[in-house]
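Thanks for coming, everyone. Let me put the structure up, and then we will walk through it piece by piece.

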Amino acid sequence: MLGAKHDGDKTQQLLPYDAAADREALAHLAEHCERFSPLVGLEQRDEPECLLLDVTRLGPLFGGEEALAQAVVDDFRDRGYRVRIGVAHTIGAAWAAARFSISDFRLQIPDCQPSSLSAASLASSNLQSEICNLKSLPIAALRLSDATLTLLERLGIERIEQLLELPRASLSSRFPPGDSGRCLLLERLDQFTGQLDELIVPHRPPPEFEAAWHLEHPTERRDALETIVRQLLERVAEALLARGRGALRLDGRIDCAGGPPLLLQVGLYRPTADARHLLELVGMQFERLALPGAVGRVGMQVTLAAPLAQQQGELFAAAGRDAPRHLAVLVDRLSSRLGRQAVLRPRLQADAQPERACRYQALTGKLRKRARGRTAAPRFAAAERPLQLLSPAEAIETVAVVPDGPPIRFHWRRRDYRVARHWGPERIETGWWRGRSVQRDYYRVETTDGQRYWLFRRLDNGRWLLHGVFV
């Protein structure tokens with residue numbers, strides 16, 4: 001179970017529930033968890049709340065399953081989340097242990113054999129041994145529908161141990177079948193105990209283009225590892241070329257003895273199948289990695305691909321024809337050196353609040369959609385909005401002829417400005433559904449020295465702030 005936590009500010013803030021945004025945030029966390037498991041999925045519900053990780057045989061890479069779970073707890077705490085984790089032989093038992101654990105920051109490690117349903121828990125601060133009988137959990141731990149839970153409660157069945165004592169034939173006749181045709185109640189019970197297999201549906205499908213190298217003798221030699229990386233990228237590039245595809249996002253994984261795996265992620269501005277270009281981008285990150293131990297496995301996989309662009313050659317190429325290609329190479333190098341989130345582009349948003357009218361997206365590692373039809377005309381002329389916004393807006397002192405009127409003079413950054421002309425007011429308000437409402441009166445002013453600024457007065461307290469500068 002994952003839940004958001006706010007550090008520092010103890011006050012509560014109520015926000016409207018957004019199922020799509022919640023699922024998108026959980027999907028980003030699923031991608032983040034791929035550093036702990038190669039197979040990560042969301043629980044199969046209309047509104048998922050849990051992440052499922054396949055950690056089979058991964059415990060030794062982290063010093064044991066308990067150490068692996070502790071690493072996940074610590075990583076999520078650093079990201080500002082409170083988590084509950086369950087490690088089990090079945091998905092159903094792990095889900096139940098995480099969902100119905102005794103307290104926060106607790107790891108349940110149940111033994112899901114049908115004859116012995118018990119659990120040991122791990123506190124996030126230190127390891128503790130504690131036995132918990134999973135059979136005493138409520139029947140809601142079986143992931144049943146509300147209608148089935150209501151019927152069981154009417155029959156006086158509140159715990160899993162009571163359900164296990166009933167004849168299976170009577171349960172099959174009383175409760176409706178699921179999508180598979182079997183009784184859904186018995187199906188969930190068998191998945192919980194391990195008598196019926198259940199698979200994790202990966203959040204991201206297995207990559208089409210990947211290559212891995214398992215070292216018979218683990219090594220820490222950089223030159224040997226660079227040779228392995230080059231050969232893996234050549235194999236991936238050949239597979240891409242054969243399919244007419246190019247990589248937009250490339251992920252690398254280096255498994256080291258005595259430490260967690262090291263991850264490399266390369267985003268590209270334009271799809272490419274050039275092994276040399278991929279090697280250059282991967283090398284920028286690989287040279288900065290500190291190996292915690294000998295490397296036993298190296299893997300490279302393309303997690304996002306797109307068709308390669310085909311361009312007819314010209315005998316006398318026009319000037320600037322290769323400019324887009326040079327720009328793509330520059331963006332790729334900057335993103336690989338500084339990180340994908342350091343090389344961004346603005347994207348306009350339909351929002352009345354100026355500071356929310358634009359958001360930034362990474363230039364690399366994304367599919368770009370082609371614009372269809374005519375683009376909508378901007379709501380405002382270029383002269384009505386400044387190109388430079390201050391973040392946050394800075395408080396100023398103003399002098400006006402009439403209360404609530406336009407300023408004739410203002411003081412900003414230890415300097416006085418006299419207003420020669422002004423335009424406005426332009427009132428901007430946000431709806432009640434956004435939480436605390438924003439109510440402002442904006443003015444465009446031109447000072448006597450020819451500079452233009454964007455000022456606003458807050459309607460709730462009358463304070464003046466400078467929000468933008470026209471350049």
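First, a word on terms: helices are DSSP runs of H or I, at least four residues long, and they are numbered from the N terminus. Keep in mind that this is a predicted model.

Start with helix H11. H11 covers residues 323–338. At 1.5 Å a residue, its 16 residues should span 22 Å. The end C-alpha atoms are 22 Å apart, which agrees. What follows H11? Gly 339 does, and its phi is positive, near 105 degrees.

Which residues of H11 are buried? They are Ala 328, Val 331, Asp 332, Ser 335 and Ser 336. Look down the axis of H11: the buried residues fall within an arc of 125 degrees, so they line one face of the helix. A reminder on the geometry: an α-helix has 3.6 residues a turn, so residues three or four places apart point the same way. And what do the buried residues of H11 pack against? Strand S11, residues 262–272, and helix H10, residues 275–286.

Now the aromatics. The structure holds ten aromatic pairs. Take Phe 410 and Tyr 453. Their ring centres are 5.8 Å apart and their planes stand at 75 degrees, so this pair is edge-to-face. Phe 410 sits in strand S17, residues 407–412, and Tyr 453 in strand S20, residues 452–458. The pair therefore ties together parts that are 43 residues apart in sequence. Both Phe 410 and Tyr 453 are buried.

Next pair: Trp 412 and Tyr 417. Here the centres are 6.3 Å apart and the planes at 40 degrees, so the pair is tilted. Trp 412 is buried, at 7% relative accessible area. Tyr 417 is buried too, at 8%.

Is Phe 456 buried or exposed? Buried, at 2% relative accessibility. Arg 440 lies over the face of its ring, 4.5 Å from the ring centre. Tyr 442 is 14 residues away from Phe 456 in sequence, yet the two C-alpha atoms are 4.1 Å apart. Beyond four places in sequence, the contacts of Phe 456 include Ala 393, Asp 441, Trp 464 and His 467. There is another arginine over a ring: Arg 452 lies over the face of Phe 470, at 4.6 Å from the ring centre.

On to the backbone. A cis peptide bond joins Ser 391 and Pro 392, with omega about 0 degrees. Pro 392 is in strand S15, residues 388–395. Another cis bond joins Gly 424 and Pro 425, with omega about 10 degrees. Pro 425 is in strand S18, residues 415–429.

Two arginines have positive phi. Arg 57 is at about 60 degrees. It lies in the loop between strand S3 and helix H2, and it is exposed, at 75% relative accessible area. Arg 413 has phi near 50 degrees. Arg 413 is in the loop between S17 and S18, and it is exposed at 54%.

Last, confidence. The protein averages a pLDDT of 81, and 82% of the residues score at least 70. Over residues 1–10 the pLDDT is below 50, although this stretch has 21 contacts in the model beyond near neighbours in sequence. Residues 373–377 also stay under 50, with zero contacts beyond four places in sequence. Where pLDDT is low, the predicted coordinates should not be read in detail.

Definitions and conventions. Residues are numbered from 1 along each chain as its sequence is written. This is a predicted model: local features need pLDDT of at least 70, side-chain atom pairs count only at pLDDT 80 or more; totals for chains, interfaces and linings use all residues. Side-chain values use heavy atoms; hydrogens and water are left out. Rings of Phe, Tyr and Trp (its six-membered ring) pair if their centres lie within 6.5 Å; planes under 30 degrees apart count as stacked, over 60 as edge-to-face and the rest as tilted. Buried means under 20% relative accessible area, exposed over 50%, partly exposed in between (1.4 Å probe, protein chains only). A charge sits over a ring if NZ of Lys or CZ of Arg is within 6 Å of the ring centre and within 35 degrees of the ring normal. Contact means heavy atoms within 4.5 Å. pLDDT is the predictor's confidence in each residue, from 0 to 100. The expected span of a helix is 1.5 Å times one less than its number of residues. The arc is that of the directions from the helix axis to the C-beta atoms.
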